[in-house]
Amino acid sequence: MIDFHEVDPILFPWAESHRLKVFTSDRDAPVRSMDIVLHRIRYQVWIEVAGDHAMIVHLCGYFKKFKILKIEASVPTLEKALDDCLATVSEWDRQRPIWCRLADAVFSDQSPNVTP
């Protein structure tokens with residue numbers, strides 16, 4: 001059974017390189033989760049141990065339509081699964097309506113480099 005002692009040496013350096021904080025407990029249960037906030041939208045990534053050599057990396061987007069992605073991974077493929085989560089967050093962000101992206105640019109004092 002995979003446990004977090006095998007996951008942590010991969011997860012923590014990856015999270016640090018992307019400036020993300022890893023949460024290790026939730027209501028006194030051991031977990032591994034991270035929040036990604038992009039343009040005022042929160043995404044959560046968490047890892048579920050699923051078997052002897054398997055885990056599931058979950059990605060959830062909290063916006064108008066609740067979206068979720070599940071990626072099966074193992075210790076050797078964990079970093080790629082996490083990279084895939086980041087790529088998915090970017091894709092989901094591009095799919096948001098243009099008026100949301102324009103509002104983000106106005107409120108953040110950035111020029112709106114947005115294409116429909």
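What share of the contacts in the protein with a separation of 6 or more comes from residues 24 or more positions apart? The figure is 35%. Keep in mind as you look around that this is a predicted model.

**Overall layout**

Let's start with the parts list. The protein has 3 helices and 5 strands, and reading along the sequence gives the pattern α-β-β-β-β-β-α-α. Of its 116 residues, 37% count as buried. The protein exposes about 7600 Å², and carbon and sulfur atoms supply 56% of that area.

**How confident is the prediction?**

The mean pLDDT of the protein is 83, with 79% of the residues reaching 70 or more. Among the elements, helix α1 (residues 4-17) has the highest mean pLDDT, at 95, while helix α3 (residues 98-107) has the lowest, at 60. A word of caution belongs here: where pLDDT is low, the predicted coordinates should not be read in detail.

| Strand pair | Sense | Bridges | Residues between the strands | Opposite residues |
|---|---|---|---|---|
| β2 (residues 29-38) and β3 (residues 41-49) | antiparallel | 6 bridges | 2 residues | Asp-35 and Gln-44 |
| β3 (residues 41-49) and β4 (residues 55-62) | antiparallel | 8 bridges | 5 residues | Trp-46 and His-58 |

Both pairings come with a hairpin. In the hairpin of β2 and β3, His-39 takes a positive phi near 55°. The hairpin of β3 and β4 has 5 residues between its strands.

Is Cys-60 buried or exposed? Cys-60 is buried, because its relative accessible area is 1%, under the 20% cut-off. Cys-85 is also buried, with a relative accessible area of 2%. As for disulfides, a search of the whole structure finds 0.

Now turn to helix α1, where you will find Pro-13. With a relative accessible area of 45%, Pro-13 lies between the 20% and 50% cut-offs and so counts as partly exposed. Which residue sits 66 positions away from Pro-13 in sequence, with 9.9 Å between the C-alpha atoms? That residue is Glu-79.

Technical notes
Residues are numbered from 1 along each chain as its sequence is written. This is a predicted model: local features need pLDDT of at least 70, side-chain atom pairs count only at pLDDT 80 or more; totals for chains, interfaces and linings use all residues. Side-chain values use heavy atoms; hydrogens and water are left out. Helices (H or I, at least four residues) and strands (E, at least two) are DSSP runs, numbered from the N terminus. Buried means under 20% relative accessible area, exposed over 50%, partly exposed in between (1.4 Å probe, protein chains only). Contact means heavy atoms within 4.5 Å. Accessible areas come from the Shrake-Rupley method with a 1.4 Å probe; for residues, only the protein chains shown count as cover. A disulfide is a pair of cysteine sulfur atoms within 2.5 Å. pLDDT is the predictor's confidence in each residue, from 0 to 100. Two strands pair if DSSP finds at least two bridges between them.
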